[in-house]
Every structure is written in C-alpha cells, then in structure tokens.
Amino acid sequence: MKVFKNPLRFTALIAILSITIFSLAAQSLKNDFTPDRKIDIVTRIISSYYVDSLNMDSVVEQGIIAMLKTLDPHSSYSNPEETKALTEPLEGNFSGVGIQFNMLTDTLYVIQTVAGGPSEKVGIMAGDRIITVNDTLIAGIKKPNAEVIKMLRGPKGSEVTVEVMRRGVPELIKFRIVRDDIPIYSVDAAFMADPTTGYISLSRFADSSAKEVAEAMAKLYKQGMKNLILNLEDNGGGYLGAAFNIAGMFLPENAPVVYTHGLNQPMQKFNNEQDGFMTDGRVIVMVNQNSASASEIVSGALQDNDRALIVGRRTYGKGLVQRPFPLPDGSMVRLTTAHYYTPSGRSIQKPYTNGQNDDYYADIRHRYDSGELMNEDSVKVGGQLHHTLNLRRPVYGGGGIMPDKFVPIDTTYYTTYYRDLVARGVMIKFAQNYVDLHRKEIKKQYKTETDFINKFEITDEMLARLVEMGQSEDIAPNPEAMEISGPFIRLILKGLIGRDIYDDSTYQRVVIPLNPTYREALRLINSPEYDTLLSNSGQS
C-alpha cells in the first residue's frame with residue numbers, strides 16, 4: 001500500500017479527481033440538464049460531501065420552502081403534522097375526547113362537553129379541571145396547549161384515562177374515555193335578529209358548511225325568517241365546493257358563481273346547478289378586511305348577480321387557487337395554479353410581487369395606518385372597473401370585494417385598560433370563576449338561553465371584583481378607562497358567562513349588537529335604502 005508523505009498533496013489530488021469526475025458528468029448531462037436534474041445533483045453533492053452529519057430530510061424541506069417563497073404569497077409547504085392541523089378543521093372532524101377547554105392559571109378548565117361526545121358519555125362536566133392525562137400531570141407545570149391537545153387526541157376507538165378535580169368533591173375522579181370522531185362546526189351562531197330577519201355566522205368553509213347553513217336556514221324559516229344577514233367577517237375561507245354550494249342557495253339555476261383560469265389551467269366556469277331555496281327576500285353579507293378566499297367568492301357572486309348587499313369593509317383580496325399535492329410521507333405542497341374571478345370578470349386577488357411577500361402580509365396594517373378602516377374616503381378602489389350582471393352597477397376588482405355600504409371599524413370602547421384585561425386573561429378567568437360558583441343558581445334562575453339574554457345583568461359589584469382581579473395581575477384600576485369601556489366589558493363578560501352555561505352561540509347573541517356592521521346590516525335590511533343601494537345608481 002502506498003503511503004502519501006504529503007497529505008495536503010493527497011487531498012488536492014482527490015479534489016482534482018472529484019472535480020474532473022463532476023466536470024465529465026456535467027458535460028455528458030449538458031444536453032438534458034433541466035432544473036429538476038440540477039436540484040437532484042446538488043442534493044446528492046450535499047449528502048455525499050458535506051463536512052458534518054446532516055438531517056437530509058430537513059435540508060430538503062428547507063429547500064422546498066425556499067423555492068416556494070420565490071413564488072406568490074400563498075404557495076406553501078407543510079410537514080405531516082402541519083398538514084394534519086391544516087386539514088382537520090376543513091374536513092369537519094377529528095378524533096378526540098370531545099371537550100371545549102381553556103388553559104387558565106396553568107390548569108385545563110372544561111368549558112363544555114360536546115353533546116353526545118365521549119366525555120359527556122362518561123360524565124365529565126363543564127367546570128371540571130383535568131389534572132392528569134394517562135397518569136401524566138398536566139396541571140401546574142405550564143404545559144403548552146399544543147401538547148395537551150396532542151395528549152387528548154388520538155385514533156378513534158383508543159382509550160385515554162384522565163383524573164378530574166370537581167368543585168365540592170374532595171378527591172380526584174378518574175374517567176376512562178374512548179376517543180371518537182368529534183365534529184367541528186362552521187356555523188357559529190344562527191338566530192332571529194328580529195321577527196323577520198335571520199342571522200347566521202359562518203367561521204369557515206368546510207366539508208359540512210353547506211349542510212350546516214341549509215339546516216340553520218330551515219330552522220330560521222320555521223321561526224318566521226323572510227330576510228337574512230350572513231356574517232362572513234374574519235372568515236378566512238376554505239373549500240371552493242362549500243363556497244359554490246352556499247352561494248347557490250341564494251341564486252337561480254344557471255347563475256354564474258365563479259370561474260378560474262391560469263397559465264397551465266384552462267378556464268373553468270362554475271354555474272349554479274339548480275334554483276336555490278332562498279332566491280327571494282333580502283340578503284346582506286357582512287365582511288371585513290379579514291374575510292378572504294371562499295368568503296370573497298360568495299360575496300362577489302351575490303354582489304355581481306345583484307342578489308345581496310355587501311356591508312362592512314374591503315375584503316382581504318385572496319383570489320389565488322391553491323391545488324394540494326400530497327406527498328407520500330404525509331407532507332403537502334399547496335401550489336397556486338389559477339386565479340379566481342367573480343361572474344362579472346373581476347379578479348379577487350390584490351397585487352403582489354413574486355418572492356417579495358413581507359409587504360403583502362403587512363397590507364392589513366397598512367390599511368389601518370392609512371385610515372382605510374376608519375374612513376371611506378381613504379379606501380383604495382381597485383383599478384379594474386366592471387359592472388354587475390343585471391343592474392349594471394359599477395364594481396371594482398384587483399383588491400378584494402368592495403362593500404356596497406362601508407362601515408368603519410369601531411374603536412369607541414377601546415382603551416389600553418380593556419386591552420390589558422383581555423391580554424392577561426382576566427376577563428375569561430373572571431367569567432369562569434363566576435360560573436364555577438354560580439352555575440346551578442344561574443341555570444335555576446334562567447331556564448332558557450333567551451331568559452338569560454333578556455334578564456341577566458353584570459352588576460357593579462361584579463365589575464368591582466373584575467377590577468380587583470386585574471390588580472392581582474398588576475393592572476392598575478383606571479376609572480376613566482372603565483367609564484369608556486365599561487358598557488363593552490359588561491356585555492363581553494355576560495357573553496362569556498352565557499357561553500360557558502348554554503352554548504357557543506350565546507356569546508354572539510349577547511355581544512353582536514356591539515358590532516357596528518351588524519347594526520348597520522340590521523338597519524339596512526329593514527329600510528328602503530336597501531332597494532336604493534341595489535339599483536344602478538352604484539355603490540355607496
């Protein structure tokens with residue numbers, strides 16, 4: 001065996017040999033050297049020659065993420081866990097124990113159990129505090145919410161054992177829960193806003209959303225509904241199919257709903273397949289700057305067909321179609337393949353520059369800073385002028401859906417004192433403590449949700465106790481701020497207490513009158529101005 005006396009010379013020879021081999025290989029591949037071959041070769045070079053040990057899965061993931069960042073703002077990659085978290089809310093269910101909870105003062109507090117769910121079946125009650133999960137302590141150790149959720153969720157049919165502290169019971173109670181599919185609802189609330197006006201709040205566009213909306217509308221019809229307010233504020237979107245079906249509920253057969261088109265995707269038009277079951281009656285859609293994607297498809301379709309008034313603030317402006325490409329390891333690439341267009345031909349998408357997304361994501365802050373959320377005169381009208389299909393009203397594209405009636409954001413009740421009470425969890429903690437002490441008493445005194453909404457009041461004594469709890473969190477009393485925020489705080493507290501005792505929708509029924517867009521929608525739907533706005537005189 002030949003021994004090299006000069007190791008540097010040996011290293012140099014190896015380097016020259018390697019370069020020569022790669023040069024010859026590169027020359028032979030020159031004629032068919034495509035970008036994907038280039039990526040493959042670089043990956044092999046890193047794997048074979050990098051100085052230290054590597055997690056190549058991580059290297060490849062970071063490479064995919066970096067590539068997608070050079071594209072539009074919405075093409076993305078998600079690892080297997082992130083993919084599961086993204087798809088669960090839209091698929092309409094997951095497997096778990098069936099509780100709604102909060103982690104306050106480092107303890108899991110059960111707000112309510114899912115009706116008919118695994119926890120309710122074994123006897124877990126609202127107000128219980130879960131101390132251990134499978135003999136692992138979760139209380140008092142600052143365990144992150146995500147970890148707790150991971151411990152409680154699991155495959156359908158699997159078992160989890162929890163120990164619960166219950167007020168009035170001296171020892172911990174042990175429950176064995178068999179996990180089951182837990183439905184995720186997208187209709188947050190559905191009730192009669194007045195004798196003839198229904199109200200439905202939709203939080204997402206999931207697999208079950210159209211069915212939920214149809215069921216909610218059927219119940220409201222039985223209660224006398226003739227007109228409807230559909231709240232899509234803060235609804236970030238979801239499945240195109242759900243948006244198509246919900247828009248179609250208000251449109252006649254063959255009415256256009258949306259179309260898509262991209263460089264590598266031929267134009268695809270989506271027309272309503274049958275008469276909707278609410279083609280008559282007044283409809284108002286509430287939107288704001290966080291209403292995006294599927295929310296904008298529904299808003300644009302109803303506006304372009306002159307079927308509804310859009311009330312609120314300019315929507316987000318997400319009009320790019322993401323096609324999911326699942327990968328064998330459970331990860332997923334969501335690649336933008338087309339643009340969404342409303343029936344009149346408006347592009348929903350706001351402007352962006354490939355690979356320069358920071359300013360794009362800061363758009364909502366820019367709207368706030370420019371005054372757009374407070375003043376109609378500051379709203380930037382899109383550059384694409386179009387007209388609605390029937391009444392030929394002017395509408396604009398290229399930057400979200402412009403409302404027919406602008407409603408500014410309301411900061412009347414906002415103070416830093418209120419902000420601090422919310423940010424440090426004081427208001428939720430107060431509500432939970434109050435419910436913990438008075439649950440039976442409230443249920444006995446207020447037999448129904450409606451009784452509670454009409455008669456329950458937050459007293460001055462309760463407000464004083466809230467201030468004391470704020471002091472314990474280093475929030476100094478502020479009488480001037482309380483004078484401003486007090487009415488708002490009272491309703492929020494009442495809503496939180498009602499939610500914990502009755503249902504999620506109780507919160508909205510109590511608090512929604514604070515929303516200026518809701519107040520304006522309710523006024524318009526009962527006013528001759530509704531017809532004036534839905535005329536060819538144009539947008540307000």
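**Figure 1. Sequence separation of contacts and overall make-up of the chain.** Of the contacts in the chain between residues at least 6 apart in sequence, 70% join residues at least 24 apart. The model is predicted. Its secondary structure comes to 19 helices and 21 strands. The chain has 540 residues, and 48% of them count as buried. Along the principal axes, the C-alpha trace spans about 95 × 70 × 50 Å.

**Figure 2. The open sheet of 6 strands.** The strands follow the order E10-E11-E12-E15-E16-E21, and their pairing is mixed. Strand E10 (187-194) and strand E21 (405-406) stand at the edges; each has a single partner strand, so one side of each lacks a neighbour in the sheet. E11 and E12 run parallel and are joined by 5 bridges. Within this pair, Gly198 has Leu228 in E12 as its bridge partner. Strand E15 (residues 283-287) also runs parallel to strand E16 (residues 309-312), with 4 bridges between them.

Figure 3. Helix H17 (residues 504-511) lies across E10 and strand E11 (197-202). The helix runs at about 40 degrees to E10. E10 is one of the two edge strands, with a single partner strand.

**Figure 4. The hairpin of E17 and E18.** Strand E17 (residues 320-326) and strand E18 (residues 332-341) run antiparallel and are joined by 7 bridges. Gln322 stands opposite Thr336 in E18. The hairpin has 5 residues between the strands, and Gly330 takes a positive phi near 95 degrees.

**Figure 5. Packing of helices H2 and H3.** Two packed helices are described by the angle between their axes and the distance between the axes. For helix H2 (residues 35-49) and helix H3 (residues 56-69), the angle is about 145 degrees and the axes are 11 Å apart. The crossing of H2 past H3 is right-handed. From H2, the residues Ile39, Thr43, Ile46 and Ser47 meet Met56, Val60 and Met67 of H3. By class, the residues of this contact are 5 nonpolar and 2 polar, with no charged residue.

**Figure 6. Packing of helices H15 and H16.** Helix H15 (residues 460-472) packs on helix H16 (residues 479-501) at an angle of about 100 degrees, with the axes 11 Å apart. This angle makes H15 roughly perpendicular to H16. On the H15 side, the contact is formed by Asp460, Met462, Leu463, Leu466 and Val467. These meet Met482, Ile489, Arg490, Leu493 and Ile497 in H16. The contact of H15 with H16 divides into 8 nonpolar and 2 charged residues, with no polar residue.

Terms used
Residues are numbered from 1 along each chain as its sequence is written. This is a predicted model: local features need pLDDT of at least 70, side-chain atom pairs count only at pLDDT 80 or more; totals for chains, interfaces and linings use all residues. Side-chain values use heavy atoms; hydrogens and water are left out. Axes are lines fitted to C-alpha atoms, for helices over the stretch in contact, and angles run from 0 to 180 degrees between N-to-C directions. A crossing is left-handed if the near helix is turned anticlockwise from the far one by less than a right angle, and right-handed if clockwise. Contact means heavy atoms within 4.5 Å. Ala, Val, Leu, Ile, Met, Phe, Trp, Tyr, Cys and Pro count as nonpolar, Asp, Glu, Lys and Arg as charged, and the others, Gly among them, as polar. Two strands pair if DSSP finds at least two bridges between them. Angles under 35 degrees count as roughly parallel, over 145 as roughly antiparallel, 65 to 115 as roughly perpendicular and the rest as oblique. Buried means under 20% relative accessible area, exposed over 50%, partly exposed in between (1.4 Å probe, protein chains only).
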